[in-house]
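Let's take a walk through this model together, going from its overall layout down to single residues. Please keep the sequence and the 3D view open as you read.

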Amino acid sequence: MTLSAGAAAGAALAACGNDGPGGSESGGGGSASYWSLSGEPGEPYRQASIDRFNKANPDSKITPTFFQNDAYKAKIKTALGANQAPTLIWGWGGGGLKSYVEAGQVEDLTSLFGDATLKGKLLPGSFGAATVDGKIYAMPVETVQPIVLYYNKKIFDQVGVSAPQTYGDILDLVPKFNAKGIAPFSLAGQSRWTNMMWLEFMLDRNAGSEVFDNVFAGKAGSWSDPAVLDMLTKVQDLVKMNAFQKGFASTAADTNADQALLYTGKAAMMVHGSWSYGIQKAQGGKFVPDGGLGWMNFPPIDGGKGDPSNTVGNPGQYLSISSKATAADKETAKKFFSTTLVDDEEKAGWVKSGGVPVLANSDSLYTGDDAQFQKDMSAIAAGAKTFAQSWDQALSPTAAEVLLDNIAKLFQLQVTPQQWVDNMNGVIGK
């Protein structure tokens, strides 16, 4: 049954005219196919880079096909299984990329990035989610999205306190804001991944990046590190001391209700991704234009082993090359990587999109009202010793779902830290 299903899928893909790995048998330059996501803000800039490459390389041709997010995930999975993958495979790195590597579906690009000139054009922290067992299997592309601690400057001034420099400062601020009837932190607990951002920073600041690296590597019992229990206990202590708004477990991120609490002054702080800046600017009236929003990297935990320069979030998007592509197609893809995707127009395009490019030395392009925020996000991404990928993207879909479920239960005090560890150890490597 499995063989028949795979054969049918392959036939369907061929009938649809999608360029598989054998698209350049005519000789000369390669004719690489490129599957990616449709829609704003990314599609216009992806199309622009392809047009630029094709114009500069008349003997080669890259042909794009754009899909909506969920459709893409299904299409690429089917195509890979049927050995009909496009030459260029767009993705999120981490757990998904690891599964491609284990199935022998993508090219080892370690030697390509042995060229220090090429690798030096990309932010070094972006390579973590592209690396499996010490080898690089994807090129970081497009934009970086670190998670930061936002705060409402007006509320801080009203209460007469300063932005926290350490986790101890956070603990001191919680009762002060509660005493004024202001939620110390806004949190969209119903969405689960928002809670996860807290655990990512708390574990990193507590123990460094090594503990989660061991989980990602599939080492049995990795969640049993004492630093994990300590981190989980600290999180539940925050819940018990009312660090988050009342009813946070029913607040959904999809409606941006958590961000509204911050810009309306009902909450003093929020841990969220860099994309929140644009949402608050669009929906918060004069809050951002009037300088009401503050931001910073998550502060160090007193006595913690983690490097305070580390960050978490989305260190980039990723392009891999199908291992089944022809030699000519692979060469076309590598030329695309080493020329067009690192040129000045690529950099300027992603800045124009409102993002922070994964390309180094973009600061001079940041101008206008948002320049300081973009510069600071770039500095966090460039200065991070480790830019860890969000856990639910780094892990397999099976492990990620168990993770999110247990994180929700942790914040609702429905599991103890030890039960959380036991539950998560049960899905390592799955």
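Domain bounds here come from an automatic or database domain assignment. That assignment gives domain 1 (32-142 + 316-361) and domain 2 (147-313 + 390-426). Taken over C-alpha atoms, the centres of domain 1 and domain 2 are 31 Å apart. Seven residues from domain 1 and six residues from domain 2 take part in the contact (heavy atoms within 4.5 Å).

Before going further, a word on the model and its numbering. This is a predicted model, in which local features need pLDDT of at least 70 and side-chain atom pairs count only at pLDDT 80 or more, while totals for chains, interfaces and linings use all residues. Residues are numbered from 1 along each chain as its sequence is written, and side-chain values use heavy atoms, with hydrogens and water left out.

Now let's look at the open space. Rolling a probe the size of a water molecule over the atoms shows where empty space is left. On a 1 Å grid over the protein atoms alone, a pocket is an open set of points where a 1.4 Å probe fits, with protein on both sides within 12 Å along at least five of seven lines; its lining residues have an atom within 4 Å of a point.

Which residues lie nearest the centre of the second largest pocket? They are Gly-128, Ala-129, Asp-213, Phe-216 and Thr-386, out of a lining of 28 residues. Domain 1 and domain 2 each give at least three residues to this lining. To name the elements involved, helices (H or I, at least four residues) and strands (E, at least two) are taken as DSSP runs, numbered from the N terminus. At least two lining residues come from each of α4 (94-102), β4 (131-132), α8 (193-207), α9 (210-216), β14 (387-389) and α16 (391-394). The largest share, four residues, is supplied by α9. Sorted by class, the lining has 14 nonpolar, nine polar and five charged residues; Ala, Val, Leu, Ile, Met, Phe, Trp, Tyr, Cys and Pro count as nonpolar, Asp, Glu, Lys and Arg as charged, and the others, Gly among them, as polar.

From the pocket we can turn to the charged pairs. The whole structure contains nine salt bridges (a side-chain nitrogen of Lys or Arg within 4 Å of a carboxyl oxygen of Asp or Glu). One of them joins Glu-346 to Arg-52, with 3.1 Å between the closest N and O atoms. Glu-346 sits in helix α14 (residues 344-352) and Arg-52 in helix α2 (residues 43-56), so this pair ties together parts that are 294 residues apart in sequence. For accessibility, buried means under 20% relative accessible area, exposed over 50%, and partly exposed in between (1.4 Å probe, protein chains only). Glu-346 is buried at 7%, and Arg-52 is also buried, at 18%. Together with Asp-343, these two residues are linked in a network of salt bridges.

Another salt bridge pairs Glu-401 with Arg-192, the closest N and O atoms again being 3.1 Å apart. Here too the pair links distant parts of the chain: Glu-401 is in helix α17 (residues 397-411) and Arg-192 in the loop between β8 (183-186) and α8, 209 residues apart. Glu-401 is partly exposed at 42%, and Arg-192 is partly exposed at 22%. In a further bridge, Asp-204 and Arg-205 meet at 3.0 Å, N to O. Asp-204 is buried at 5%, as is Arg-205 at 1%.

Next, follow helix α13 (residues 327-338) to Phe-336. Is Phe-336 buried or exposed? Phe-336 is buried, with a relative accessible area of 0%. Leaving out residues up to four places away in sequence, its contacts include Tyr-34, Phe-53, Leu-88 and Leu-341.

Finally, a look at the backbone. Most residues other than glycine have a negative phi. Asn-83, however, has a positive phi near 55 degrees, and lies in the loop between α3 (69-81) and β3 (88-91). Leu-413 also has a positive phi, near 60 degrees, and is found in the loop between α17 and α18 (417-425).
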